[in-house]
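Please read each point with the structure open beside the text.

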Amino acid sequence: MNKKIKPYNIVIVGTGGQGLITLLQVLAEAAMAEGHDFKTSELHGLSQRGGSVEVHVRLGAKVHSPIVPLAKADLIFALEAQEALRAIKFSHPKSIFLINKQIIPIPLQKALTGEEIMNHVKKTSKAAKLVPAFEICKEKLGKGVTSGIYLISLAVSRGFLPLSPEAVLGAMKKVMPEKYLALNIKTFDLAKTYEEK
Amino acid sequence: MEEILSNQSGKKVILLGNDAVARGALEAGVQFVATYPGTPASEIGNTFYRIAQKAKVHFEFSTNEKLAMEAGVGASFAGLKTLVAMKNFGLNVAIEALLPFVYTGVKGPTVVMVSDDPSCYSSAQTEENTRAFSYLARIPTLEPADVAECKEFTKLAFEISEKFKVPVLLRLTTRVSHQKMPIVLGQVTTNTSLVKGKFVKDARQFVTMPPRVLEMKEELLQKNKEIRKFFEKSKINKFEKAAPSGAGIIVSGVAYLYVREALAQLNLALPVLKIGSFYPFPKQTAQKFIKTLKKVLVVEELDPYLAKEVKEAAQETKCKARIFSKEWLPETGELNTDIVALAVAKLAGRRYQLPSIKHQIPDLKRRPQLCPGCPYWLVFAGVKKAVNEKEVVFGGDIGCYMLAGGAPHFLQDYLSCMGSSIGIAHGIKKATGQKLISFIGDGTFFHAGIPALINTVYNGSNPLIIILDNRTTAMTGHQPNPSVPGSNISSSVAIEDVARGCGVKHLKVIDPVMQDEFIKTIREFITKPEVSVIIARRPCIFVKPKDEQKN
């Protein structure tokens with residue numbers, strides 16, 4: 001098969017209200033600015049009320065299905081650490097798997113620790129990383145809500161994504177409402193300085 | 001300027017499938033749009049609600065889908081180009097109005113857009129397949145697979161409706177409605193003012209009564225013969241050739257995308273016939289496709305309707321090809337590339353295994369929750385304090401308050417369709433006399449609860465009905481409903497006036513924040529020999545105060 005036509009597959013998991021559809025829109029606009037073909041898939045309705053949410057973005061020369069097949073994700077973002085478990089089925093040994101260290105408790109269920117989560121994730125994806133995006137954003141910017149953009153910026157600045165930082169920044173300006181834009185741009189810049197401990 | 005109204009023909013934009021249907025309708029020159037919100041079809045209404053004034057299009061959120069359909073029928077009879085949109089269950093409500101409309105035919109071209117939800121991501125009651133209605137109504141039906149087709153098929157549907165004078169059904173599914181991709185805009189001619197139609201009397205067309213109605217049926221059968229011929233020649237049914245190997249695939253809807261990807265994944269080249277017009281089925285096109293084949297795989301989500309058509313087409317020409325469908329594909333749940341790849345590999349005699357995770361992963365039980373601050377918390381908490389839960393049957397209905405069924409509430413003993421909390425409550429009351437409290441939201445009460453309430457009065461049963469009036473249709477994205485005026489809707493209907501008018505004697509409007517009064521009233525009303533109603537009124541936390549003030 002021609003390597004060029006293989007799409008680049010992104011899965012984002014999290015919980016309702018974490019802004020997954022906005023992140024999807026940012027990636028889609030950036031993909032368009034860079035001249036990629038792409039398709040995305042999202043779910044609306046009751047699943048948004050704090051339940052688990054999963055969106056898919058696929059880009060490349062030609063993309064057919066909007067849904068990433070099993071074990072075919074090149075890049076996975078988990079905006080909540082426990083939700084990473086749901087995305088394991090999309091991962092393969094070389095997937096880049098960025099997990100926000102934030103834990104949002106599930107009613108009536110004991111929360112898993114970061115270590116427990118990583119033990120599961122690393123069985124299929126050696127390169128998985130637990131990133132304290134929520135803590136860093138909260139500490140440096142006063143709010144943790146932009147941790148999704150933090151993870152995307154991290155992926156872009158490390159060259160994991162076939163999208164340029166300029167394209168992503170341009171997409172953010174197009175997609176995000178004026179009043180949230182400044183905080184998101186600050187987050188975007190902040191992530192570039194991230195150093196693993 | 002809203003991108004969806006852009007006049008820049010040739011411009012590339014990102015659209016959601018549903019918005020591409022809206023854009024297609026705008027490019028076709030739509031003049032009248034009526035809908036009732038329901039996931040996965042809601043964005044059609046949200047978009048037109050936002051742009052209708054600017055686009056000079058008549059738009060309404062109707063009180064239910066039957067009324068949306070009837071509004072559309074009226075507008076079409078008056079000559080306007082009309083779009084009616086709803087989710088799958090909506091068509092159950094509207095079918096009474098659709099069937100005669102297909103007989104009378106349209107005056108203004110009309111498209112009915114319906115979105116199904118395989119896997120029931122946001123659909124509580126059944127995994128309904130709208131294509132069954134294509135047969136019942138004999139309505140020409142198109143199935144787009146991606147966002148670009150959403151726009152193109154919508155325009156084509158209007159053209160077919162104009163040419164053959166019948167309404168046309170456009171059937172989407174969740175993965176089409178909520179898919180995004182870049183598409184190229186066409187020309188849109190914005191009306192300078194709202195277009196006024198004219199109803200020209202013509203009983204021969206608009207009155208369905210025997211004996212004329214049987215002539216109408218004959219006329220419809222004739223139209224569908226012509227439409228079938230049209231589809232046999234139409235590019236909407238794509239024949240994608242490949243070197244002969246004896247095997248081929250027939251597919252419709254979003255499953256086409258999975259077939260293309262599965263073939264690429266397996267590095268296989270097989271001929272594919274993509275059916276865009278599900279009804280009337282382009283039989284000759286299928287016969288031509290299968291003529292030289294030994295094995296055919298029919299790929300479609302849910303019921304094997306397409307497979308039946310293909311089998312019939314094969315029989316007629318004594319074609320010996322073996323036809324596989326649900327032997328290799330599930331009838332429950334949506335398809336995806338992985339599932340389709342397994343079936344395609346079988347067809348090609350290839351070995352293929354899906355990647356699977358070998359180790360055990362903990363199951364997260366993160367279910368949707370009422371939002372923090374939602375007034376329903378107070379309603380459910382009050383009910384729990386007022387009665388012994390074990391002694392009371394709790395009826396649920398369609399809305400955010402379905403979450404009463406889960407933790408920590410557990411206040412839902414039955415759940416069926418819109419309005420049924422009251423209708424079924426009446427039956428249970430009549431049959432048992434057990435204590436019963438049913439929950440219904442403001443939007444659902446207007447949609448289908450009112451006739452059910454009248455039935456409890458008229459046929460004498462005594463459930464306690466709690467109407468959760470949060471001043472919006474919250475679950476589908478906060479659309480306005482008759483209890484609240486919207487941004488360009490001036491009048492509203494008070495639920496208490498309706499209940500009183502239906503003959504309800506025990507009636508109270510209570511803000512659930514007033515827990516003492518709420519609990520006291522529940523205890524008092526649940527013992528009444530007649531039906532009683534509590535309107536628990538407190539706005540959804542997402543309702544802006546300015547929407548409220550207008551009331």
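1. I begin with a local feature of this predicted model: B:P40 sits in the loop that links β2 and α2 of chain B.

2. In what order do the seven strands of the open sheet run? The order is β3-β2-β4-β5-β7-β6-β12 (chain B), and the pairing is mixed. At the edges stand β3 (58–61) and β12 (277–279) of chain B, each of which pairs on one side only.

3. Within that sheet, strand β2 (residues 32–35) of chain B and strand β4 (residues 82–87) of chain B run parallel and are joined by four bridges. For B:T35, the bridge partner in β4(B) is B:A85. Helix α3 (residues 65–77) of chain B packs on the sheet, where it touches β2, β3, β4 and β5 (110–116) of chain B, and its direction makes about 170° with that of β4(B). Helix α6 (residues 147–164) of chain B, in turn, lies across β5, β6 (141–142) and β7 (168–173) of chain B, and runs at about 165° to β7(B).

4. As to the domains, the assignment for chain B gives domain 1 (3–233), domain 2 (238–347) and domain 3 (376–549). The C-alpha centres of domain 1 of chain B and domain 3 of chain B are 33 Å apart, and their contact takes 13 residues from domain 1 of chain B and 15 residues from domain 3 of chain B. On the domain 1 side of this contact, helix α2 (residues 42–55) of chain B gives the most, with four residues. By class, that side has four nonpolar, nine polar and no charged residues.

5. A helix pair of chain B is also worth checking. How do α15 and α16 of chain B lie relative to each other? The axes of helix α15 (residues 420–432) of chain B and helix α16 (residues 442–458) of chain B come within 8 Å and cross at roughly 20°, and α15(B) and α16(B) are therefore roughly parallel to each other. Their crossing is left-handed. From α15(B), B:I422, B:G423 and B:H426 meet a set of residues in α16(B) that includes B:G449, B:A452 and B:L453; by class, this contact has three nonpolar, five polar and no charged residues.

6. Finally, the contact between the chains takes 38 residues from chain B and 40 residues from chain A. On the chain B side, the elements that give two or more residues are β1 (12–16), β8 (179–184), α10 (255–265) and α13 (337–347) of chain B, and the largest share, five residues, comes from α10(B). By class, this side has 20 nonpolar, nine polar and nine charged residues. Strand β2 (residues 37–41) of chain A pairs with β8(B) in the antiparallel sense over two bridges, and B:Q179 in β8(B) is the bridge partner of A:S41.

Note on methods: Residues are numbered from 1 along each chain as its sequence is written. Chains are lettered from A and ligands numbered from 1 in the order in which they are written. This is a predicted model: local features need pLDDT of at least 70, side-chain atom pairs count only at pLDDT 80 or more; totals for chains, interfaces and linings use all residues. Domain bounds come from an automatic or database domain assignment. Two residues are in contact if their C-beta atoms, placed from the backbone, lie within 7 Å. Ala, Val, Leu, Ile, Met, Phe, Trp, Tyr, Cys and Pro count as nonpolar, Asp, Glu, Lys and Arg as charged, and the others, Gly among them, as polar. Two strands pair if DSSP finds at least two bridges between them. Axes are lines fitted to C-alpha atoms, for helices over the stretch in contact, and angles run from 0 to 180 degrees between N-to-C directions. Angles under 35 degrees count as roughly parallel, over 145 as roughly antiparallel, 65 to 115 as roughly perpendicular and the rest as oblique. A crossing is left-handed if the near helix is turned anticlockwise from the far one by less than a right angle, and right-handed if clockwise.
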